[in-house]
Amino acid sequence: MKIAITGATSQLGELVIQNLLTSTEAENIIALVRNVEKAQSLKQRGVELRLFNYDQPETLIPALEGIDKLLLISANEIGRRTPQHQAVIQAAVSAKVPYIAYTSLLNAPTSPLALGQEHRETEALVLQSGLKYTLLRNNWYNENYLANVQHVAETGILYGSAQDGKISAASRLDYAEAAAKVLSTEGHENKIYELAGSTSFTLADLTSYIANASGNAVDYQNLSAEDYTQALTVAGLPSALINVIVDADIQTAKSAMFSDSKDLEHLIGRKTTLIQDQVTTLFN
């Protein structure tokens, strides 16, 4: 059984491979990468590397020869994802790959998130391909909220536009474990999993976790979308990223990030990782 992973040097891709290595021999894992040099650590663990560049179609079909299962991790170039994903799916069909799993978005068909459209388009391409499939509809990562917690603790303020919207996020490792489980076990063909955290938190909850871990007083300050956009612009973030962050908060306030689905904890066989535990770790 040959299992191939796109974006194998991405944070999620590397975690999926690490999890696969606990249940599958390295010789059965194929890392599909744009830069072979960046993937030498995977090669040292016995994982085969194959050049795979979405923007170089000639690399795609040869890299998928002999593959039994393909994990398509959604590309990171927002606005270019659909054509890139389409190229991969078409190559999988041409290479006679029988099965594909795709990392989509929670409640993709109805998600109000701006990111949702490219995921909907990709899901349609997967379903139209005739391949056996699994759609892994991932909610937001805990890590999306952890990058600036040290700064928040220092300044005492967490800014956002999510109001009191509940966020059912999980750790990147949780999602990686679920993907590895789907790839390495049977019974997941033609299924859709809505993957979200076992518990939920608000941004006000997050400030209390940061305060408890750091010992500093921290408050959540809700801003209008316009003011939040301005604050992020002043902070120097690129406009495309700002649009994603602000849109996510606006839709969080409308319950887009909340889910009571237990698909993720059922796949990984445990409760998902609490963000407060990850916050605590950052201050220890």
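In this predicted model, the largest nonpolar core comprises 36 residues, of which Ile-5, Val-16, Ile-17, Leu-71 and Leu-183 touch the most other members. Two or more residues of this core come from each of strand 1 (3-5), helix 1 (11-20), strand 2 (29-33), strand 5 (99-105), helix 7 (172-184), strand 8 and helix 11 (263-268). Helix 7 makes the greatest contribution to this core, with 7 residues. As a general background, nonpolar side chains in soluble globular proteins tend to be buried together.

- Leu-183 is one of the core residues that touch the most other members, and, with residues up to four places away in sequence left out, Leu-183 touches Ile-3, Ile-5, Val-16, Leu-20, Lys-69, Leu-71, Tyr-99 and Ala-101.
- Among these partners of Leu-183, Ile-5, Val-16 and Leu-71 are themselves listed with the core residues that touch the most other members.

**The cavity**

- The model has 1 cavity of 30 Å³ or more, and the volume of the largest cavity is about 30 Å³.
- The largest cavity is lined by Leu-12, Thr-103, Leu-136, Asn-138, Tyr-175, Ala-178, Ala-179 and Leu-195, a lining that by class consists of 6 nonpolar and 2 polar residues, with no charged residues.

**Glu-194**

- Glu-194 is placed in strand 8 (residues 191-195), and Glu-194 counts as buried because its relative accessibility is 14%, where the cut-off for buried is under 20%.
- A polar atom of the Glu-194 side chain lies 2.8 Å from the backbone nitrogen of Asn-107.
- When neighbours within four places in sequence are set aside, Glu-194 is in contact with Leu-106, Asn-107, Arg-137, Ser-261, Asp-263 and Leu-264.

**Asp-164**

- Is Asp-164 buried or exposed? Asp-164 counts as exposed because its relative accessible area is 62%, where the cut-off for exposed is over 50%.
- Asp-164 is placed in the loop between strand 7 (157-160) and helix 7.
- Asp-164 and Asp-205 are separated by 41 residues in sequence, while their C-alpha atoms are 9.2 Å apart in space.

Notes. Residues numbered from 1 in each chain as written. Predicted model: local features only at pLDDT ≥ 70, side-chain atom pairs only at ≥ 80, totals over all residues. Heavy atoms only, no water. Helix = DSSP H or I, 4+ residues; strand = E, 2+ residues; numbered from the N terminus. Buried < 20%, exposed > 50% of the residue type's maximum accessible area, 1.4 Å probe, protein only. Polar contact = N/O pair within 3.5 Å; in protein donor to acceptor, adjacent residues only side chain to side chain. Contact = heavy atoms within 4.5 Å. Core = buried A, V, L, I, M, F, W, Y, C linked by side-chain atoms within 4.5 Å. 1 Å grid on protein atoms, 1.4 Å probe; cavity = no way out; pocket = protein on both sides within 12 Å on 5 of 7 lines; lining within 4 Å. Points joined across faces, edges and corners; volume = space filled by probe spheres on them. Nonpolar A, V, L, I, M, F, W, Y, C, P; charged D, E, K, R; others polar.
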